[in-house]
Each structure stands twice: as structure tokens, then as C-alpha cells.
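Please find below a short note to be read beside the sequence and the model. The points begin with a pair of aromatic residues and then widen to the chain.

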Amino acid sequence: VVSATARTRYYNSDPPDNAIDGDSSTIYHSGTDGNAEWLKLELSTKARISKVVLINRLATGYISNRIIGTSVYLLGNTTKTTCGTIDANNNENSGSEKDQTYTIACPETTELTQSVFLEDKIIGDIEDGNNLIMNLAEVIVYGSIRKPSKSVGCETCHTKR
């Protein structure tokens, strides 16, 4: 993942790039205006994505429930493929303060993915009022890049001089 953009961010702190910096002690925190939130991750090259792992902000109480309802999509040039939506069952240790890791498996697609799109339209906890808040420590994308076609012969790859 080379960049992250979001619909909003919480004041001037906790930018979207914190979700892809490899440091789970930093977080991306969305704004709190009550509208659906999204986070878009651009890949360095088109790929076939097999799963997306989301590490929630490590917190106790209602803050840990904010991730519930977040949906994961793969964006190609002409397609939007749904991988899944986080609910309490996506996490084997749901409710644990130590493990807030959620894995969403993605279906095989015919089109290569350029971006991973996360969207939250569901209020995760009533204590947040009518606010849709996204706060993620890390998003890790797993997949493979396209391999050359087997039908390409060596003479196509190399120019004889």
C-alpha cells in the first residue's frame, strides 16, 4: 500500500497514513460529523487481493466497537467487489483488549485490484451517539501481483541483437 486517503480526519491529528505505517501504536481517526466514513488505500501495483486484516484501535469499552459494521471492498478499473463486513464473529477473541484484529477474506476476482476501500455506515456503539467513527491502528493487505502469461515466449521478452 502506497497511500491512504479518507473522507475526514479528527482535527489535525491521526491522519489516514497512520493506518498503513506499520506501527500499531499510531491510529487513523476519522472525523465525527455523523456521516458515513471511508478510507481508501492505493496499491503500488495492481494485484489479486486474498485478504485484508484490520487492527482496531487498542482500547476498552465502546471505542473497541467502532470497527463493527466496517465493510471492505476491492476497487478495479470497472468493478467494486465486496469482501465482507466486520461483525463480532470476524474476531476469534472479540471483546479482548489484547486482540482487536479482524480478518476479511476476499473472493477471487477476474479484474486486478488497484485500491482497497473501507466504509463504515453502521454505528458500532450507541455511546457514540449518531456519530460514525472509524479509528484503525493498521490495515494490512495480502495478495499477489500478476504473473506474466504462460503464452508469452522468450522471444517476446528479449530482443535479439
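1. In this predicted model, Tyr73 and Phe117 are both buried.

2. Because Tyr73 belongs to strand β4 and Phe117 to strand β7, the pair ties together parts of the chain that are 44 residues apart in sequence.

3. The count of aromatic pairs comes to two. Trp38 and Phe117 make a stacked pair, their centres 5.7 Å apart and their planes at 25 degrees. This pair, too, links distant parts of the chain, since Trp38 lies in strand β3 (residues 37-56) and Phe117 in strand β7 (residues 113-120), 79 residues apart. Trp38 is partly exposed, at a relative accessible area of 26%. Through these ring pairs, Trp38, Tyr73 and Phe117 are joined into a cluster.

4. Two lysines deserve a remark alongside the rings. The charged end of Lys80 sits over the ring of Tyr73, 4.3 Å from the ring centre, and the charged end of Lys51 sits over the ring of Tyr142, at 4.7 Å from the centre.

5. Which strand holds Thr70? Thr70 lies in strand β4, which spans residues 70-75, and with a relative accessibility of 1% this residue counts as buried. The side chain of Thr70 reaches the backbone oxygen of Ile67 at 2.9 Å. When neighbours within four places in sequence are left aside, Thr70 is in contact with Leu54, Gly84, Thr85, Ile86, Leu118, Glu119, Asp120 and Met134.

6. As for the chain, its secondary structure comes to one helix and eight strands, and from the N terminus on the order of elements is β-β-β-β-β-β-β-β-α. Among contacts with a separation of 6 or more, 69% are accounted for by residues 24 or more positions apart.

7. Finally, on burial and surface, 39% of the 161 residues in the chain are buried. The accessible surface of the chain is about 9,200 Å², and 47% of that surface belongs to carbon and sulfur atoms.

Technical notes. Residues are numbered from 1 along each chain as its sequence is written. This is a predicted model: local features need pLDDT of at least 70, side-chain atom pairs count only at pLDDT 80 or more; totals for chains, interfaces and linings use all residues. Side-chain values use heavy atoms; hydrogens and water are left out. Helices (H or I, at least four residues) and strands (E, at least two) are DSSP runs, numbered from the N terminus. Buried means under 20% relative accessible area, exposed over 50%, partly exposed in between (1.4 Å probe, protein chains only). A polar contact is a pair of N or O atoms within 3.5 Å; within protein, one must be able to donate a hydrogen and the other to accept it, and residues adjacent in sequence count only if both atoms are side-chain atoms. Contact means heavy atoms within 4.5 Å. Accessible areas come from the Shrake-Rupley method with a 1.4 Å probe; for residues, only the protein chains shown count as cover. Rings of Phe, Tyr and Trp (its six-membered ring) pair if their centres lie within 6.5 Å; planes under 30 degrees apart count as stacked, over 60 as edge-to-face and the rest as tilted. A charge sits over a ring if NZ of Lys or CZ of Arg is within 6 Å of the ring centre and within 35 degrees of the ring normal.
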